[in-house]
Amino acid sequence: DSTYKWQRAEPESSDSIKNEWKKGVYLEKKMLRDNIGYLRVPYMSFAGPSELDKKAQSLNDSLCSLLSNNVTGIILDLRLNGGGAMFPMMLGLEQLLTDGKIGSFEGKNPSNWILKDNSFYLDSTVLTTITPKCRITYKDIPVAVLIGPATGSSGEFLAIAFKGRKNTVFIGTETAGYITATQGFKINDAVMLLLSTGYGRDRNGKIYENALSPDIYNNEPDSFNDIKNDKKVLRAIKWIKAKQ
């Protein structure tokens, strides 16, 4: 089923983002001042089921490492997330999300995104599974989601999964706007046509047909090599502190 298969979105953005993209985008976690956790979620390329389970597990291990430090809030950095496989990203962040339906694809054949029993389901089909190293749930902990022009495709669907969550804010600039679900149609043995067939809907039923806009607009330069002084990170820290 190719409904949830997207291409990684190449960024049309600042030189700092393009430079990071060329170097390769990796999972990164840090403890920042005021006991705030920082977690960069990179795009995740499609692979076999066992490899996607490993990607989801690695992301969840990083999140658990932060949560085990009694963090007061999480900064979730999606500025370099250009897409790929959506479901290991969502499952890897399950401690921050709600069990049950967290969103859906809307189109001719709608399907729900569901987290249950440490697995991600598309309706009733299990797509990936993890074994969490922490049982602590932080459903209401403050989460600041950083977005920008390189946040695209399933990176945007990941952001949609956080729409409607309590104590959540989006900081940065508009996303890439590649938010249609696609489906492949076989033409012949050599050619397949990939068409957009639907949009994403958040947990509260809102459909997203255009780029996602931040709650707090900030277009200051990104500092990916100096996260603790990155202007958007500092703005996120300010917001999280105000929620305490």
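Which residue in β2 is the bridge partner of K29? I looked, and L39 is the partner.

**Ground rules.** I'm working from a predicted model, where local features need pLDDT of at least 70, side-chain atom pairs count only at pLDDT 80 or more, and totals for chains, interfaces and linings use all residues. Numbering starts from 1 along each chain as its sequence is written, and side-chain values use heavy atoms, with hydrogens and water left out.

I checked how β1 (residues 28–32) meets β2 (residues 36–40): they run antiparallel, joined by five bridges. For the record, two strands pair if DSSP finds at least two bridges between them. Helices (H or I, at least four residues) and strands (E, at least two) are DSSP runs, numbered from the N terminus. Three residues sit between the strands of this hairpin, and D34 takes a positive phi near 60°.

Buried means under 20% relative accessible area (1.4 Å probe, protein chains only).

I then listed what F162 touches (contact: heavy atoms within 4.5 Å). Leaving out residues up to four places away in sequence, I got L76, L93, L96, L97, V143, V145, T168 and F170.

**Rings.** I found five aromatic pairs in a search of the whole structure. Rings of Phe, Tyr and Trp (its six-membered ring) pair if their centres lie within 6.5 Å; planes under 30 degrees apart count as stacked, over 60 as edge-to-face and the rest as tilted. F105 and W113 have ring centres 5.3 Å apart and planes at 75°, so I logged them as edge-to-face. F105 is buried at 3% relative accessible area, and W113 is buried at 0%.

W113 also pairs with F157: centres 5.7 Å apart, planes at 85°, so edge-to-face again. W113 lies in β5 and F157 in α4, so this pair ties together parts 44 residues apart in sequence. I also noted one aromatic cluster formed by F46, F87 and F120.

**Charges over rings.** The charged end of K116 sits over the Y121 ring, 4.8 Å from its centre. K163 has its charged end over the F170 ring, at 4.0 Å from the centre. The criterion is NZ of Lys or CZ of Arg within 6 Å of the ring centre and within 35 degrees of the ring normal.

Key. Buried < 20%, exposed > 50% of the residue type's maximum accessible area, 1.4 Å probe, protein only.
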